[in-house]
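Hi,

Here is the structure I said I would pass on.

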Amino acid sequence: MADNQGTAQTNVPLSDIDPTLSTVGKPVDGGCVWFNFDPDGAKLPTDATTKMSTLTGFESVGEISDDGLSFTKSVTADKKKGWHNETILSAVSDEERTVKMTLVEPNRPTAAKAYYGASNVEADTDGSVKHIKDVAGTSIAVAVVVDELETNGKLRRTVIPKMTIDSFDDVSHKAGDLLGYGITGTLLKKADETALKHIYRAKPAE
(Lines give C-alpha, C1' and ligand atoms only; values in the text may rest on other atoms or scores of the structure.)
Protein backbone atom coordinates (compact mmCIF):
# COMPACT_ATOMS: atom_id res chain seq x y z
CA MET A 1 0.00 0.00 0.00
CA ALA A 2 1.22 3.51 -0.79
CA ASP A 3 0.36 6.81 0.82
CA ASN A 4 -0.82 9.93 -1.02
CA GLN A 5 2.78 10.83 -1.95
CA GLY A 6 3.44 7.41 -3.40
CA THR A 7 5.83 6.34 -0.65
CA ALA A 8 5.52 2.74 0.47
CA GLN A 9 4.32 2.34 4.04
CA THR A 10 6.43 -0.12 6.04
CA ASN A 11 5.17 0.56 9.56
CA VAL A 12 3.36 -2.39 11.11
CA PRO A 13 0.73 -1.57 13.76
CA LEU A 14 1.65 -2.84 17.22
CA SER A 15 -0.71 -5.02 19.20
CA ASP A 16 -2.38 -3.42 22.21
CA ILE A 17 -0.09 -5.29 24.64
CA ASP A 18 3.38 -6.57 23.75
CA PRO A 19 5.71 -7.50 26.65
CA THR A 20 8.68 -7.68 24.25
CA LEU A 21 8.56 -3.87 24.10
CA SER A 22 9.46 -3.67 27.81
CA THR A 23 13.07 -3.78 28.93
CA VAL A 24 15.35 -3.39 31.91
CA GLY A 25 18.53 -1.32 31.98
CA LYS A 26 21.44 -3.65 31.22
CA PRO A 27 25.02 -2.72 30.30
CA VAL A 28 26.62 -4.22 27.21
CA ASP A 29 29.79 -6.27 27.57
CA GLY A 30 32.86 -4.06 27.82
CA GLY A 31 32.58 -0.29 27.68
CA CYS A 32 29.14 1.31 28.01
CA VAL A 33 29.80 5.04 28.36
CA TRP A 34 32.14 7.14 26.24
CA PHE A 35 33.12 10.82 26.52
CA ASN A 36 34.62 13.08 23.87
CA PHE A 37 36.24 16.16 25.39
CA ASP A 38 35.90 18.10 22.12
CA PRO A 39 32.10 18.09 21.72
CA ASP A 40 32.06 20.85 19.09
CA GLY A 41 34.42 18.89 16.86
CA ALA A 42 33.20 15.38 17.63
CA LYS A 43 31.91 13.10 14.87
CA LEU A 44 28.85 11.50 16.45
CA PRO A 45 27.31 8.13 15.65
CA THR A 46 23.95 8.38 13.89
CA ASP A 47 22.85 4.79 14.43
CA ALA A 48 23.12 1.95 16.94
CA THR A 49 25.35 -0.25 14.76
CA THR A 50 28.52 1.82 14.30
CA LYS A 51 31.26 0.44 16.53
CA MET A 52 32.61 3.00 18.97
CA SER A 53 36.17 1.88 18.23
CA THR A 54 35.81 3.41 14.76
CA LEU A 55 35.03 6.91 16.08
CA THR A 56 37.94 9.24 16.79
CA GLY A 57 38.16 11.10 20.10
CA PHE A 58 35.78 8.99 22.19
CA GLU A 59 37.22 7.55 25.40
CA SER A 60 35.61 4.93 27.63
CA VAL A 61 34.94 6.12 31.18
CA GLY A 62 35.25 2.52 32.33
CA GLU A 63 32.89 1.07 34.92
CA ILE A 64 30.14 3.15 36.51
CA SER A 65 28.36 2.38 39.78
CA ASP A 66 25.54 -0.13 40.02
CA ASP A 67 23.09 2.78 40.07
CA GLY A 68 23.71 3.07 36.33
CA LEU A 69 22.65 6.35 34.77
CA SER A 70 19.74 8.59 35.65
CA PHE A 71 18.25 10.89 33.02
CA THR A 72 16.09 13.74 34.33
CA LYS A 73 13.67 15.98 32.46
CA SER A 74 12.81 19.05 34.50
CA VAL A 75 10.03 21.39 33.37
CA THR A 76 8.83 24.56 35.10
CA ALA A 77 5.37 25.71 34.16
CA ASP A 78 4.04 29.25 34.39
CA LYS A 79 0.49 28.66 35.58
CA LYS A 80 -2.25 31.26 35.49
CA LYS A 81 -5.35 30.98 37.64
CA GLY A 82 -8.81 32.40 37.19
CA TRP A 83 -10.97 34.20 39.71
CA HIS A 84 -12.21 30.88 41.10
CA ASN A 85 -8.59 29.88 41.86
CA GLU A 86 -8.52 27.20 39.18
CA THR A 87 -5.63 26.89 36.73
CA ILE A 88 -6.82 28.09 33.33
CA LEU A 89 -3.52 28.50 31.46
CA SER A 90 -0.18 26.69 31.73
CA ALA A 91 2.91 27.37 29.64
CA VAL A 92 6.44 26.00 29.97
CA SER A 93 8.73 28.77 31.25
CA ASP A 94 11.88 26.71 31.82
CA GLU A 95 13.07 23.28 30.72
CA GLU A 96 16.24 21.31 31.46
CA ARG A 97 17.70 17.86 30.79
CA THR A 98 20.36 16.35 33.04
CA VAL A 99 22.11 13.00 33.41
CA LYS A 100 23.76 11.66 36.55
CA MET A 101 26.31 8.86 36.97
CA THR A 102 29.18 7.81 39.22
CA LEU A 103 32.49 6.87 37.63
CA VAL A 104 34.14 4.17 39.72
CA GLU A 105 37.51 3.86 37.97
CA PRO A 106 39.12 7.02 39.41
CA ASN A 107 42.59 6.03 38.21
CA ARG A 108 41.40 5.93 34.60
CA PRO A 109 42.39 9.24 32.93
CA THR A 110 38.99 9.64 31.25
CA ALA A 111 37.17 9.44 34.58
CA ALA A 112 39.60 11.90 36.18
CA LYS A 113 39.22 14.32 33.23
CA ALA A 114 35.46 14.32 33.73
CA TYR A 115 35.96 15.54 37.29
CA TYR A 116 39.05 17.75 37.04
CA GLY A 117 39.13 18.78 33.37
CA ALA A 118 40.93 17.27 30.39
CA SER A 119 43.98 19.55 30.60
CA ASN A 120 44.52 18.86 34.31
CA VAL A 121 45.15 15.11 34.14
CA GLU A 122 48.45 13.47 33.19
CA ALA A 123 48.61 9.79 32.24
CA ASP A 124 51.45 7.47 33.23
CA THR A 125 53.27 5.09 30.87
CA ASP A 126 50.91 2.27 31.89
CA GLY A 127 47.87 4.33 30.85
CA SER A 128 46.64 5.06 34.38
CA VAL A 129 46.56 8.45 36.10
CA LYS A 130 49.98 9.82 37.07
CA HIS A 131 49.18 13.38 38.16
CA ILE A 132 46.07 15.53 38.70
CA LYS A 133 45.93 19.31 39.07
CA ASP A 134 42.80 20.47 40.88
CA VAL A 135 42.28 23.89 39.30
CA ALA A 136 39.38 26.14 40.28
CA GLY A 137 37.20 27.53 37.52
CA THR A 138 37.71 24.59 35.15
CA SER A 139 34.98 24.26 32.54
CA ILE A 140 34.21 20.73 31.36
CA ALA A 141 32.13 19.93 28.28
CA VAL A 142 31.80 16.54 26.56
CA ALA A 143 29.90 14.65 23.92
CA VAL A 144 28.49 11.41 25.35
CA VAL A 145 27.51 8.00 23.99
CA VAL A 146 25.77 5.41 26.19
CA ASP A 147 25.14 1.83 25.04
CA GLU A 148 22.63 -0.48 26.73
CA LEU A 149 21.45 -3.96 25.83
CA GLU A 150 17.69 -4.34 25.90
CA THR A 151 15.99 -7.50 27.11
CA ASN A 152 14.90 -8.27 23.55
CA GLY A 153 18.52 -8.26 22.36
CA LYS A 154 18.53 -4.87 20.67
CA LEU A 155 21.20 -2.27 21.35
CA ARG A 156 19.87 1.02 22.71
CA ARG A 157 22.29 3.88 22.05
CA THR A 158 21.87 7.34 23.58
CA VAL A 159 23.91 10.09 21.94
CA ILE A 160 24.34 13.46 23.67
CA PRO A 161 25.96 15.99 21.29
CA LYS A 162 27.06 18.34 24.07
CA MET A 163 26.89 18.24 27.85
CA THR A 164 28.51 20.45 30.48
CA ILE A 165 29.56 18.66 33.66
CA ASP A 166 28.50 21.18 36.26
CA SER A 167 27.58 19.32 39.44
CA PHE A 168 29.80 17.01 41.47
CA ASP A 169 29.14 14.67 44.41
CA ASP A 170 31.42 14.46 47.42
CA VAL A 171 34.30 12.04 46.88
CA SER A 172 34.30 9.80 49.94
CA HIS A 173 37.63 8.49 51.22
CA LYS A 174 36.04 6.70 54.17
CA ALA A 175 37.55 3.31 54.91
CA GLY A 176 35.72 0.64 52.96
CA ASP A 177 33.91 3.06 50.63
CA LEU A 178 34.34 2.70 46.88
CA LEU A 179 36.17 5.77 45.59
CA GLY A 180 34.34 7.31 42.66
CA TYR A 181 33.42 10.53 40.91
CA GLY A 182 29.71 11.33 41.03
CA ILE A 183 28.88 13.79 38.27
CA THR A 184 25.77 15.44 36.85
CA GLY A 185 25.74 16.98 33.40
CA THR A 186 23.40 19.46 31.75
CA LEU A 187 22.50 18.78 28.12
CA LEU A 188 23.02 21.71 25.76
CA LYS A 189 21.74 22.32 22.25
CA LYS A 190 24.54 22.78 19.71
CA ALA A 191 24.25 25.31 16.91
CA ASP A 192 24.02 22.57 14.27
CA GLU A 193 21.69 20.32 16.30
CA THR A 194 17.93 20.37 16.82
CA ALA A 195 17.90 17.81 19.63
CA LEU A 196 19.44 17.65 23.09
CA LYS A 197 19.95 13.92 22.66
CA HIS A 198 19.23 11.13 20.20
CA ILE A 199 18.22 7.53 20.97
CA TYR A 200 18.91 4.85 18.35
CA ARG A 201 17.92 1.18 18.45
CA ALA A 202 19.07 -1.75 16.34
CA LYS A 203 20.26 -5.32 16.49
CA PRO A 204 23.92 -5.22 17.62
CA ALA A 205 26.49 -5.30 14.84
CA GLU A 206 28.32 -8.60 14.49
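Below is what turned up, going from the aromatic rings to the pockets and ending with a loop.

One thing to keep in mind throughout: this is a predicted model.

**Aromatic rings**

Let's begin with the rings. A pair of aromatic rings is described by the distance of the centres and the angle of the planes. There are five aromatic pairs in the structure. Take Tyr 115 and Tyr 116: their ring centres are 4.9 Å apart and the planes meet at 65 degrees, so this pair is edge-to-face. Both Tyr 115 and Tyr 116 are buried.

Tyr 116 also pairs with Tyr 181. Here the centres are 5.7 Å apart and the planes stand at 90 degrees, so this one is edge-to-face too. What does this pair tie together? Tyr 116 sits in helix α1 (residues 109–116) and Tyr 181 in strand β9 (residues 181–187), so the pair links parts that are 65 residues apart in sequence. As for accessibility, Tyr 116 has a relative value of 16% and therefore counts as buried, and Tyr 181, at 5%, counts as buried as well. If you want to pick out the whole group on screen, select Tyr 115, Tyr 116, Phe 168 and Tyr 181, which form one aromatic cluster.

**Asp 147**

Next, find strand β7 (residues 141–149), where Asp 147 is located. Is Asp 147 buried or exposed? It is buried, with a relative accessible area of 5%. Its side chain makes a polar contact of 2.8 Å with the side chain of Arg 157. Leaving aside residues up to four places away in sequence, Asp 147 touches Val 28, Cys 32, Trp 34, Met 52, Leu 155, Arg 156 and Arg 157.

The largest pocket holds about 330 Å³ of space. It is lined by 19 residues, and Pro 27, Ile 64, Gly 68, Leu 69 and Glu 148 are the ones nearest its centre. The elements that give two or more residues to this lining are β7 and β8 (155–168). Which element gives the most to the lining of the largest pocket? That is β7, with three residues. By class, the lining of the largest pocket splits into eight nonpolar, four polar and seven charged residues.

**A loop residue**

Last, have a look at Asn 85, in the loop between β3 (70–81) and β4 (87–103). Most residues other than glycine have a negative phi. Asn 85, however, has a phi near 65 degrees, a positive value in a residue other than glycine. With a relative accessibility of 56%, Asn 85 counts as exposed, whereas Asp 147 is buried.

Cheers

Key: Residues are numbered from 1 along each chain as its sequence is written. This is a predicted model: local features need pLDDT of at least 70, side-chain atom pairs count only at pLDDT 80 or more; totals for chains, interfaces and linings use all residues. Side-chain values use heavy atoms; hydrogens and water are left out. Rings of Phe, Tyr and Trp (its six-membered ring) pair if their centres lie within 6.5 Å; planes under 30 degrees apart count as stacked, over 60 as edge-to-face and the rest as tilted. Buried means under 20% relative accessible area, exposed over 50%, partly exposed in between (1.4 Å probe, protein chains only). Helices (H or I, at least four residues) and strands (E, at least two) are DSSP runs, numbered from the N terminus. A polar contact is a pair of N or O atoms within 3.5 Å; within protein, one must be able to donate a hydrogen and the other to accept it, and residues adjacent in sequence count only if both atoms are side-chain atoms. Contact means heavy atoms within 4.5 Å. On a 1 Å grid over the protein atoms alone, a cavity is a set of points where a 1.4 Å probe fits but cannot get out, and a pocket is an open set with protein on both sides within 12 Å along at least five of seven lines; lining residues have an atom within 4 Å of a point. Grid points are joined across faces, edges and corners, and a volume is the space filled by probe spheres set on the points. Ala, Val, Leu, Ile, Met, Phe, Trp, Tyr, Cys and Pro count as nonpolar, Asp, Glu, Lys and Arg as charged, and the others, Gly among them, as polar.
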